[in-house]
Structure formats: structure tokens, C-alpha cells
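Hello,

Here is the structure I promised to pass on to you. Please have a look at it first, and then read my notes below.

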Amino acid sequence: MNIAPPRSLGGRILVAIAAVVVLLILISAGSWLWLKTTQPIVSDPPPGLLSVLTEPIPDGPNADLIRRGRYLTIAGDCASCHTSRNGRPFQGGLGLQTPFGIIYSANLTSDRENGIGAWTPEQFFRALHDGVAPGGKHLYPALPYPHFTIVSRSETDAILAYLKTVPAVHYAQPANRFPFPLNIRASLIGWDALEFSPHSFHANPAMSPQWNRGAYLVEGLGHCGACHTPKSILGAEIHDQAYRGAAIENWVAPDLTANPRTGLGRWSAADIVQYLRSGRNAHANASGLMGEVVAYSTSLMSDTDLSAIATYLKSLPPSPSHPSPAPEASAMRTGSAIFFDGCTACHLGGGRGQPGMFPPLQGSSVAQQNDPTGVIRLILAGTRTAPTRTRPSFQSMPSFAWKLSDQEVADVATYVRNSWGNRAPPVDAHEVAAIRSKLNLTHPLTRDQR
Amino acid sequence: MAKGPGHKVNRRELLALSAAIGTAGAAEALSRHDGLLGGPSRRYTNTLPWEDGLTDAPDAADAGGWHYLNDGEVGFLTAAVDRLIPPDPTGPSASEAGVVVFLDRQLAGDYGNGAHFFLEGPWQEGTESQGYQSRFTPAQFYRHSITAIEQAVGRSEKGKAFKDVPADKQDALLKQMESGDLKLEGPITSKAFFTMFLQNVLEGYFSDPIYGGNKDGAAWKMIGFPGAHYDYSEWVTAYNKPVPGEPVGLRGRPAWERG
């Protein structure tokens, strides 16, 4: 079945209205699914993935094309989503949690039946540019085709040429778990009508070539906005809030604008390059989902491209500062005691941290995101930084879920978010309880056991 | 070591001993959750596994009830630990600090089961420096020892239990155990029991409160130990000054709680 997206204005409006009504009904069901299916994050690298991404490609007839294709595949961070925890590189099958259900990533290996082995360059371009797979099958925007649409045809050709060299894995990913009618792919016609129109990249002549290169990478293959831009109720990026940070899979993808408190305002372009190359800088360490981005994408990119990305990100106008209610004195008092006992070993008094090893909390944008999800998650579950070629050792923060009650997590988070010049909304114990439940983490010891 | 007639118990001696013995009880309990004790060997290549939220959490003592000890043993131990560490103005007695609870939880767990001991034969009498030599797990060892001690006490004290004899007599009996002069029926010597018992009492008195002893960090407050701080680098240059604040256990301290 090959359904062409309606392009007439009347058709678009009708389909859009229908889509909104249906999706609004499904929001609550979607939230429920999200809560029920969250898996623990495991940061062990899938076996063999890094070597597939880094081993020299031997000389041959198409070597230059294939090398370019692999670099672009890296720039698009295809590996992070298209490789499951114990799967072979690019075999797909990783379950992505979305507010609407679970979607399993596709097999991108050269397998002709399940992978892209039989795809033509035209079909591959249509998938990335239009969001439509062979046979007219509409793709879910978990594949960030709203970003990939600007990737040029010569680049999609190179990516496909590389993927066809990835050893075939005869594996079909599980069926997506979406409620009706989202499980009907035709429902995506409505989504596309509302939220998406294929387009190409147009350089801004007023800006430098470096800035334009950065814009092309960030907006296109890098698809940074897929996590860092707040989403509408339909799961589409809200363009006038681009890069202002958003919660995703019980993390927060921080604000990337020039906001000095929540964004990259205090980071230099060199800081950004260092972070993307090594996973660490004087301000922050990359872990969780961003750790995967650094490990399998940015740490393997050229410094020229990383500098271009930094130039573009540094040009983003600051997000507005939100008013933040003053924290309760009692929360600050208990939070201070917990911080002194539990956090100063690594983060030191005054939240000074040990830059490059343990991130400073004073001035930390991660700590000061308006949405406290990321801070709560870090305290409850801990995290481990991504290893990179330049910083190959792991840094880890332990889980405090067994030790701190919801109120104690809330208070120490409130303290960190409102000390040493930091300012961010106080954290409530109920917010901690909700994330503890979503992460399926243990309840803390009781007071009797203290 | 026990307080004899005309001899004030010397807390300094206890403290010196405790420093030498360290926190074997605490380390023992922690090792339970690493999956290595008694489990199959595992091999890691490339990286060590990591899972967010997974913790090697200590095995906290729960509140209420006895898990291993019977009433007679609780009576003996409560009386005996309080002769080793009686209450005084500087700190609580051992039983007030929860040492009997600590002993009970340890004997009910891996320590009591001898999970880290080689318990197969041959059972020969070892030298002094070879430490604990017994076919018994520590839990069995306590049970057999206390039974044999109470039998010996009953013979010499007209059928009374240890807890019911006067304090000075209890001290004399403990001294006999320390020297091995108290003769017991069966394979256990009173000296071997006293050695393990004293060590466990010190462990319980100074353990992290999470394991049942050292209630409210009282023993740590007594000696000015700041508790389970991970790192002291901020105070390294503050010579001869106490570390500020009340001691903190693995599970925190009162200042963590909303007043």
C-alpha cells in the first residue's frame, strides 16, 4: 500500500484534527506504558561495536565512499539506537521508550531480508528525507527523519554504501508495542501532515562557513534537538523552544542555549569540543544517554566538526530564566547535612568538585535544570561516565537509592540546586518517589536501621 | 580485661584493642552482596559490568526479635557483655549500645555460618598464631560454648545461671575464661570462646550502627570518631582539631531528618 501524504491545505487540516483528537485520548495510555516498561540502563558497551566503528577500512574500489559513509554514520550516532545491549553491531532491536509506546530499532546490517541489504540508494534517501520506507511504509519519527531530512543525497548514498559493508545479521526486531491506532502506520500520515515537511539545508550567508557546518551537523545528522528540544503533546519538537532542554527516559537532556544557569552560557567553545571529544570537561561528565552519544559518535568525529558544532551551539540565544521559588529553610538544613556526609568526598565542600574527574556542582547546569528529573535520577541510580579514547577510564557515581529516603533525596537535591549561587526550583519528595518507582529501584532502609 | 574487685575497667585498653582488631564484622557483612562468596567464579573481560541503581548495599540489622539466640543465650550474653563494657559517664554499656543485637544478627548470618571459614577436617589443635581452629561454625561455637559455660557455672555456683551471680563473681568467671582456667566439658576451651567473644563485642560496640551495635553512634561520640566519611582530605591540614559535627553512620545521622 502506497499512501501519498495529503498535500492540499484542506486535507492537511482534516487529517491534523483527527490526529490530535486520537492522540489526546492516547496520552494517558502512553504515560502508563512508559512507566511499566522502563528497563534499567546498562552502560556496558555492546560487544564489538567500537571496533566496527574504528577499525581501518581497507583500500578497495569504494573505500573512500565507504570511509565517508562510516564517518557520517558516526556523526548520526546510528549505532547507539541500532545496536541492542548484547546484539551485534547495527542489528537493531533496542527498545526505545517513548511516551506513546515502545519502538524497536531496525536492523541496519547488510542482511537482505531484515536489514538494508536490498535497499536502493533512492529508497534509503526517501527513508531519511521523507520518513517513508520501501513499500510506502511510514516510519515512526523515533527515527529522527525531521532532522535527517536535510542530509544531502550524496551523504545518504555514502551511509548506505557503508551499511552494506556491515556484516549481515539475520535478525528481525520485535514488533513495536503501540496502542491502537498508533500501531497503524497510516496514522503517521496525520503526524507528518501536522509536524513535518521534507526540506533541504540552506546555508545562512550571513554566518561563517564554520557556523553553517555546525548548523548542518547539529540540525541534521547530529539530531541534537531530538533529545534537547521540548516536545509537544504529539511528540514533535517545539521549534520556538529549540534546545531549551527536555526530560527523556528519566533523564534530562539539558538546555543547550546560552542561558548561563541552565545552558551552555558558562562553557567556552573549547569546553564544548573537549566534552564531545573526551566525555569530560571542567563542567560536566557525559554519562547515560549522552554518554552513548559521546562514546559512539562525537568522540570519533574530527576536531574540525566538533569546533563547528561548538560554534553553532554557542550562537543559540539564551532561554528565558524562569522564576524559582525560594527553598524551605528546613530542606536546606537537612540537605546541607546530607551533602556534607554523602557528597563532599567527590564533589568537595562548596560544590567545587574536582574538574575533569568529579563535576563541580557550583554553577552546574545539570544541577540547575528547571526539571529536576536528571538530578533525582543521578542521586537515586548513580551513573558511569562513558569511556573515550582520550579518557578511557570510567568515573562512576554510586546509587544512593538504598540509603536515602525520598525526602532526603529531595532535600539534598534542593540544597545542591540552591547553594553557592545556584538557583533552581526546590525538589519535592513526591517527585523523587515517582522516579524511584519508574526506575524500579529499591526502597531505602527504614529509620530503625539507622 | 574484665573488671575485677578493686579494679576500674580500663576503657583505654579496650579502645587500643579495638583499633588493632579493626572492623572485621563490618567487612564480613558487606561482602555478602558481591555475589562472590560461595558463588561460582566469574570472569570479566574488557570492562567491569555496571548497572545503574545496582548497589552492594550493606546487610542492615533489622529491628525486633532474636534471629539466632535463645533466651538463655541472650541472658548470658547480656550479662557478660556488660561486664566487659559496663555503663559509665563516658558511654553506654555494651548491651545498651545494642551489642547483643549485633551478635545475634552476625551469628544468624554469614559470619555465624562460617561462610568465609574452611570448616573441613583434619581438626588439629593449632598454634596460638593460627587463630580460630574448630569444626564448629561461629554460631555453633557460641551455642556449645555458652551451654558448657553455664554447666560449669551451675556446678560452682549452686545451680545459678551466669546472669544471676553477683557482678564480682561474673568478673572472676570471665577472667577464668580469658586465661582458660575455667574447664569446660567437650571440645571447646573457655579461652578460645573468650577470645572470639571479646573480639565480637568490640566489633559490635564500635561497628557502624547499621549492623545493630553502637546505637546512635554512642561509641564513636565517646572516642571522637566522625564515622563513615568517605574522605578526610578537607581536614588533612587541620592538625590536632576534632572533625566537626556528630558522627555519621552508613544510614546517616539525625541531622538528615526533618525536625
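In chain B, among contacts between residues at least 6 apart in sequence, 65% join residues at least 24 apart; two residues are in contact if their C-beta atoms, placed from the backbone, lie within 7 Å. This is a predicted model, in which local features need pLDDT of at least 70, side-chain atom pairs count only at pLDDT 80 or more, and totals for chains, interfaces and linings use all residues. Residues are numbered from 1 along each chain as its sequence is written, while chains are lettered from A and ligands numbered from 1 in the order in which they are written.

Chain B has 8 helices and 0 strands (DSSP runs, H or I of at least four residues for helices and E of at least two for strands, numbered from the N terminus). Of its 259 residues, 34% are buried, meaning that 20 or more other C-beta atoms lie within 10 Å of the residue's own.

Where chains A and B meet, chain A gives 34 residues and chain B gives 31.

Chain A has a hairpin, in which 2 residues join strand 1 to strand 2. These strands pair in the antiparallel sense over 4 bridges (pairing takes at least two DSSP bridges). G95(A) has Y104(A) in strand 2 as its bridge partner.

A word on confidence: the mean pLDDT of chain A is 88, pLDDT being the predictor's confidence in each residue, from 0 to 100. Over residues 24-43 of chain A, pLDDT stays under 50.

Best wishes

Definitions and conventions. Buried ≥ 20, exposed ≤ 12 C-beta atoms within 10 Å, placed from the backbone.
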